[in-house]
Amino acid sequence: MRMSKAANSPDEYLKSFSGWTGACLKHLRKHVVAAADLEEQIKWGHLVYSSNGPVLYIRATEEGVLFGFWRGKALRDIEPALKPGGKYDMAKLEIRSTPYPTPKLIGQLVGKAVSLNETLGNPQDAAKT
């Protein structure tokens with residue numbers, strides 16, 4: 001696996017990975033896109049999904065794949081394995097092997113994360129106060 005160079009599009013980002021990592025990235029992307037109407041872009045060198053501000057990211061690492069949420073601490077009731085860390089009340093799943101998160105779990109996490117942004121606003125704005 002190679003770490004992604006500066007990809008110009010989400011498709012280009014995914015094409016730059018193969019094997020287990022590529023399959024995991026494609027699985028996550030497919031079910032994230034199906035779960036909510038989100039803006040998808042490459043930001044900070046990986047996939048970022050937004051709705052009223054950033055909602056989640058998907059990023060390949062040397063160890064596996066990170067599936068992180070800006071307001072992830074508030075999602076730990078859905079998935080206790082989310083590890084808190086960083087600004088914006090972030091938390092992430094560190095995926096290092098199969099099984100991948102189920103489509104149902106992905107849908108629940110994305111749905112609640114989008115709802116939090118609708119209710120609370122852009123998490124980056126909230127962090128400025």
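At what angle do helix α2 and helix α3 pack, and how far apart are their axes?

## Helix packing

Helix α2 (residues 19-35) packs against helix α3 (residues 103-120) at about 50 degrees, and their axes are 9 Å apart. That makes α2 oblique to α3. The model is predicted: local features need pLDDT of at least 70, side-chain atom pairs count only at pLDDT 80 or more, and totals for chains, interfaces and linings use all residues. Residues are numbered from 1 along each chain as its sequence is written, and side-chain values use heavy atoms, leaving out hydrogens and water.

Axes are lines fitted to C-alpha atoms, for helices over the stretch in contact, and angles run from 0 to 180 degrees between N-to-C directions. Angles under 35 degrees count as roughly parallel, over 145 as roughly antiparallel, 65 to 115 as roughly perpendicular and the rest as oblique. Helices (H or I, at least four residues) and strands (E, at least two) are DSSP runs, numbered from the N terminus.

## The sheet

Six strands form an open sheet with antiparallel pairing, in the order β1-β2-β3-β4-β6-β5. Strands pair if DSSP finds at least two bridges between them. β1 (39-43) and β5 (83-84) stand at the edges with a single partner strand each, so one side of each has no neighbour in the sheet.

Inside the order, β4 (residues 65-69) pairs with β6 (residues 91-95) in the antiparallel sense over five bridges. V65 has I95 of β6 as its bridge partner.

## Salt bridges

The structure holds six salt bridges (a side-chain nitrogen of Lys or Arg within 4 Å of a carboxyl oxygen of Asp or Glu). One joins D77 and K112, with the closest N and O atoms 3.1 Å apart. This pair links distant parts of the chain: D77 lies in the loop between β4 and β5, K112 in helix α3, 35 residues apart.
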